[in-house]
Amino acid sequence: MIASDRGSIPEVLGGAGLICDAEDDGTLAQMIGALLLNAESRAIIRKRGYERAQDFSWTKTAQAILHSYQLALGQQPVQAHFSDSFSL
């Protein structure tokens, strides 16, 4: 994955990909070309991307929000159990 260096994108990427100056077309083209030509680099970045994605889920988000609310209310934080599955 190649991502912009702007905003919170580098933080979200968390080292799982390449960071490029959003206004530097030449560097972006070089990065794309390098990944197209190097299967090993693509595999490494793909693996890191999947691993990084595991850090983000609705369950983790709900737990973090609940924890923050409990602290704000002066309560002892407790671990709640949420499910990532959702159906209509």
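**Figure 1. Asp 55 and its salt-bridge partner Arg 52 in the predicted model.** Asp 55 has a relative accessible area of 40% and is therefore classed as partly exposed (buried means under 20% relative accessible area, exposed over 50%, and partly exposed in between, with a 1.4 Å probe and protein chains only). Arg 52, with a relative accessible area of 23%, is likewise partly exposed. The two residues form a salt bridge in which the closest N and O atoms are 2.9 Å apart (a salt bridge is a side-chain nitrogen of Lys or Arg within 4 Å of a carboxyl oxygen of Asp or Glu). The structure holds five salt bridges.

**Figure 2. The salt bridge between Arg 6 and Asp 21.** The closest N and O atoms of this pair are 3.0 Å apart. Arg 6 lies in the loop between strand S1 (2-4) and helix H1 (9-13), and Asp 21 in the loop between strand S2 (18-20) and helix H2 (25-37), so the pair ties together parts that are 15 residues apart in sequence. Helices (H or I, at least four residues) and strands (E, at least two) are DSSP runs, numbered from the N terminus. Arg 6 is partly exposed at 38% relative accessibility, and Asp 21 is partly exposed at 36%.

**Figure 3. Glu 23 and the salt-bridge network.** Glu 23 forms a salt bridge with Arg 6, and the closest N and O atoms are 3.4 Å apart. This pair links distant parts of the chain, with Glu 23 in the loop between S2 and H2 and Arg 6 in the loop between S1 and H1, 17 residues apart. Glu 23 counts as exposed at 62% relative accessibility. A network of salt bridges links Asp 5, Arg 6, Asp 21 and Glu 23.

**Figure 4. A nonpolar surface patch that includes Leu 28.** Leu 28, Ile 32, Leu 36 and Leu 37 make a patch of about 430 Å². Patches are made of residues with over 30% relative accessible area and no salt bridge; like charges are joined within 9 Å, and nonpolar side chains (Val, Leu, Ile, Met, Phe, Trp, Tyr) within 5 Å. Accessible areas come from the Shrake-Rupley method with a 1.4 Å probe, and for residues only the protein chains shown count as cover. Leu 28 is located in helix H2 and is partly exposed at 34% relative accessibility.

**Notes to the figures.** Residues are numbered from 1 along each chain as its sequence is written, and side-chain values use heavy atoms, with hydrogens and water left out. In this predicted model, local features need pLDDT of at least 70 and side-chain atom pairs count only at pLDDT 80 or more, whereas totals for chains, interfaces and linings use all residues.
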